[in-house]
Amino acid sequence: MDLITLESILDNASFGVLLVTMLIYWTGAAFPNLPYLNTLGTTGMAVANLCMATLLGSRWLEAGYFPLSNLYESLFFLAWGVTTIHFIAEKMSRSRLVGVVTSPVAMGITAFAALSLPLEMQASAPLVPALKSNWLMMHVSVMMLSYSTLMVGSAIAIGFLIITRGQKVELKGSSVGTGSFRERVKHKTVNTPDTDNVFASTTGNTAVLDLPKTETATLSPERLTLADTLDNISYRVIGLGFPLLTIGIIAGGVWANEAWGSYWSWDPKETWAFITWLVFAAYLHARITRGWQGRKPAILAAVGFVVVWVCYLGVNLLGQGLHSYGWFF
């Protein structure tokens, strides 16, 4: 078996395993009392991660350079990064809901790479002169890892929005910043008949459900605890991805100066990378300085999820510039 055949088997296997894993996680969310589904889901993500790592290693041996030179390779590196960050987030949260939101992201990426890309975009090719640099690994790999991390953190924030849909939920937990929110939270119990229907805890994290007096709380304490966990994990994962994005942009500027004689040229890719940086900088500023928690920062993270995809894929396929893959135009 040659390396090209092995790569074809591995990319289809990655997609198939992730599809089954996604169904396992979704079934586990719908039927939480079924045993072993969480373990099966984690195992599926591990198998997919190993398949994609082997594929990338095979492509490295075949082409002789770090496999991040075309869209096919970068998509599988992105999916590998999503599954890797998934394990970190799942271990921190100890919730199967992490897999519910990350598995479809990874599965969709592999499906697009294996089933939708033209064959000429999947084949490895000799590097163009501008890419024959050690910066290929240093800049592109860090950028791709930052995209993976930010996607996972944003996807978890979207999961938080789904869990708390229709409710105005404010949370006060270990991820709160230095803002004034912590001073104005009221500590009351959901069983108090005469006040604001607020769920709180006198120890540990506090989740607050802000409803009019005429309404009743529809989120159980368990669901509020889960929402608090997802909010906290989303914040921590995005907090990991933002420095990676910053380092990647700086490294890209240094490489651009070497290759094209300018640190910054407002290429569409560079412009959207800067927009992505601003969105997540605003998210972290709101969390750390303003003390935001709950739905408002989660909505900002959801916007960031879209912006990351536009930066990574949209401008590459639709825009004209130095980073364009030129598929559509």
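**Figure 1. Contacts of Tyr-147 in the predicted model.** Leaving aside residues up to four places away in sequence, Tyr-147 touches Leu-78, Leu-245, Lys-269, Val-308, Cys-311 and Tyr-312; contact denotes heavy atoms within 4.5 Å. The model is predicted: local features need pLDDT of at least 70, side-chain atom pairs count only at pLDDT 80 or more, and totals for chains, interfaces and linings use all residues. Residues are numbered from 1 along each chain as its sequence is written, and side-chain values use heavy atoms, with hydrogens and water left out.

**Figure 2. The largest nonpolar core.** This core has 76 residues, and Tyr-147 is one of those with the most contacts inside it, together with Leu-71, Phe-76, Met-144, Ile-156 and Tyr-312. A nonpolar core is a set of buried Ala, Val, Leu, Ile, Met, Phe, Trp, Tyr and Cys residues joined through side-chain atoms within 4.5 Å. Buried means under 20% relative accessible area, exposed over 50%, and partly exposed in between, with a 1.4 Å probe and protein chains only. Two or more residues of the core are given by each of α1 (3–30), α2 (37–63), α3 (71–93), α4 (97–116), α6 (135–163), α8 (221–260), α9 (268–288) and α10 (295–318). Helix α6 supplies the largest share, 15 residues.

**Figure 3. The chain as a whole.** The secondary structure comprises 10 helices and 2 strands, in the order α-α-α-α-α-α-β-α-β-α-α-α from the N terminus. Helices (H or I, at least four residues) and strands (E, at least two) are DSSP runs, numbered from the N terminus. Of the 329 residues in the chain, 49% are buried. Among contacts between residues at least 6 apart in sequence, 75% join residues at least 24 apart. The accessible surface comes to about 15300 Å², with 66% of it belonging to carbon and sulfur atoms; accessible areas come from the Shrake-Rupley method with a 1.4 Å probe, and for residues only the protein chains shown count as cover.

**Figure 4. Helix α1 and its cover.** The expected span of a helix is 1.5 Å times one less than its number of residues. Glu-7, Leu-10, Asp-11, Ser-14, Leu-18, Thr-21, Met-22, Ile-24, Tyr-25 and Gly-28 are buried in α1. The cover over these buried residues includes α2, α3, α4 and α5.

Figure 5. Helix α2 has 27 residues and reaches 39 Å from its first C-alpha to its last, close to the expected 39 Å. Its buried residues are Leu-37, Gly-41, Gly-44, Met-45, Ala-48, Asn-49, Cys-51, Met-52, Leu-55, Leu-56, Ser-58 and Arg-59, and what covers them includes α1, α3, α4 and α5 (119–122). Arg-59 has a relative accessible area of 4%. Beyond four places in sequence, Arg-59 touches Glu-7, Gly-64, Pro-67, Asn-70, Tyr-72, Glu-73, Gln-122, Ala-123 and Ser-124. Gly-64, which follows α2, has a positive phi, near 85°.

**Figure 6. Ser-95 in the loop between α3 and α4****.** Ser-95 is buried, with a relative accessible area of 10%. Apart from neighbours within four places in sequence, Ser-95 is in contact with Glu-90 and Leu-226. Thr-229 is 134 residues from Ser-95 in sequence, yet their C-alpha atoms are 8.6 Å apart.

Figure 7. The whole structure contains 7 aromatic pairs. Rings of Phe, Tyr and Trp (its six-membered ring) pair if their centres lie within 6.5 Å; planes under 30 degrees apart count as stacked, over 60 as edge-to-face and the rest as tilted. The rings of Trp-309 and Tyr-312 have centres 6.0 Å apart and planes at 65°, so this pair is edge-to-face. Both residues lie in helix α10, 3 residues apart, about one turn of the helix. Trp-309 is partly exposed at 21% relative accessibility, whereas Tyr-312 is buried at 2%. Trp-60, Phe-66, Phe-77 and Trp-80 form one aromatic cluster.

**Figure 8. Confidence along the chain.** The mean pLDDT is 79, and 77% of the residues reach 70 or more; pLDDT is the predictor's confidence in each residue, from 0 to 100. Over residues 178–217 pLDDT stays under 50, and the model has 78 contacts beyond four places in sequence for this stretch. Residues 325–329 also have pLDDT below 50, with 18 contacts in the model beyond near neighbours in sequence. Where pLDDT is low, the predicted coordinates should not be read in detail.
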